Amino acid sequence: MAAISQPTLSVIPAYKSDFLESCLSGNVLTFGSYTLKSGRQSPYFFNAGSFHTSELLFSISTAYAQAIVSFLATNPSIPKPDIIFGPAYKGIPLACSTLLQLHRSDPETWSSVSYSFNRKEAKDHGEGGNIVGASLKGKNVLVIDDVITAGTAMRETLDLVNKENGKVIGFVVALDRVEKMPGPREKDGIDDGEPRMSAMGQIRKEFGVQTSSIVTLDDLIALLKEKGNVEDLEKMEAYRKRYLASD
């Protein structure tokens, strides 16, 4: 008797694969050769600024909302956020649209939660200051952003929230590249090959702030395996092997 074939199951949660599929179809996530700020040559590029259609914004905000719910469920010691904060500029529409999705999914839990974002330059008239939306003072703040590589934006946000007398309780990003922080001479094209933590791992260690993401590089590689995309898969796996973070 012939064996009955079993359906192939996705190795990543449906909301992650749906999000990645939206990124691919919307050219938010592309493959090729890209020079990063660190000087590294990356075989892929993620541009959250491309989530400018209503369909794509719905996709990313839904994925953020699901990632946040999962993040809080797996970290019960983290209090519910009072504010979803989106650093200027890309974080602004992400914070607003994600809070809407959280409210749609569970209004009882999220109806009292606010959003905020910062101005790049403080306003010296009207209400003044550099925070738009709810005040951060005395509030538990969950920060969402697109992609973190060196951690500079994370540190700036931590400093900003602290100055406003708020408390960052976590970071959730769209894509965790799970790669080590750049070495001192990488911008000159010199990779010393030394092991290093990722930017998110360094933030966890240095500040005690938990981090999460919608997807990671590992999720992207898993999806490419499912699709049988051999050429891009080989480049991605080689990149991961070379730059994988020690944490």
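Reader: Which separation, in helical turns, lies between Tyr239 and Tyr243 of helix α8?
Author: Good place to start, but first a word on the model: it is predicted, so local features need pLDDT of at least 70, side-chain atom pairs count only at pLDDT 80 or more, and totals for chains, interfaces and linings use all residues. Residues are numbered from 1 along each chain as its sequence is written, and side-chain values use heavy atoms, leaving out hydrogens and water. Helices (H or I, at least four residues) and strands (E, at least two) are DSSP runs numbered from the N terminus. Tyr239 and Tyr243 are 4 residues apart in helix α8, which means a separation of about one helical turn.

Reader: How do the rings of Tyr239 and Tyr243 pair: stacked, edge-to-face or tilted?
Author: The structure holds 7 aromatic pairs. In one of them, Tyr239 and Tyr243 lie 4.9 Å centre to centre, with 55 degrees between the planes. Rings of Phe, Tyr and Trp (its six-membered ring) pair if their centres lie within 6.5 Å; planes under 30 degrees apart count as stacked, over 60 as edge-to-face and the rest as tilted. The pair of Tyr239 and Tyr243 is therefore tilted.

Reader: What is the relative direction of α7 and α8?
Author: Axes are lines fitted to C-alpha atoms, for helices over the stretch in contact, and angles run from 0 to 180 degrees between N-to-C directions. Angles under 35 degrees count as roughly parallel, over 145 as roughly antiparallel, 65 to 115 as roughly perpendicular and the rest as oblique. Helix α7 (residues 217–227) packs on helix α8 (residues 230–243) at about 155 degrees, the axes being 10 Å apart. Because of that angle, α7 and α8 are roughly antiparallel.

Reader: How many charged residues does the contact of α7 with α8 have?
Author: Contact means heavy atoms within 4.5 Å. On the α7 side it includes Leu217, Asp218 and Lys225, and on the α8 side Asp232, Glu237 and Arg240 are among the residues. Ala, Val, Leu, Ile, Met, Phe, Trp, Tyr, Cys and Pro count as nonpolar, Asp, Glu, Lys and Arg as charged, and the others, Gly among them, as polar. By class, the contact has 6 nonpolar residues, no polar ones, and a charged count of 5.

Reader: In which sense does α2 cross α3, left-handed or right-handed?
Author: The axes of helix α2 (residues 54–74) and helix α3 (residues 91–105) come within 8 Å and cross at roughly 65 degrees. That angle makes α2 roughly perpendicular to α3. A crossing is left-handed if the near helix is turned anticlockwise from the far one by less than a right angle, and right-handed if clockwise. The crossing of α2 and α3 is right-handed.

Reader: Which residue of β2 is the bridge partner of Leu29?
Author: Strand β1 (residues 29–35) and strand β2 (residues 41–46) pair in the antiparallel sense over 5 bridges; two strands pair if DSSP finds at least two bridges between them. Thr35 is bridged to Gln41 in β2. For Leu29, the partner in β2 is Phe46.

Reader: Which residue is joined to Ala88 by a cis peptide bond?
Author: The residue in question sits in the loop between β3 (83–86) and α3. The bond has an omega of about 0 degrees, and the partner of Ala88 is Tyr89.
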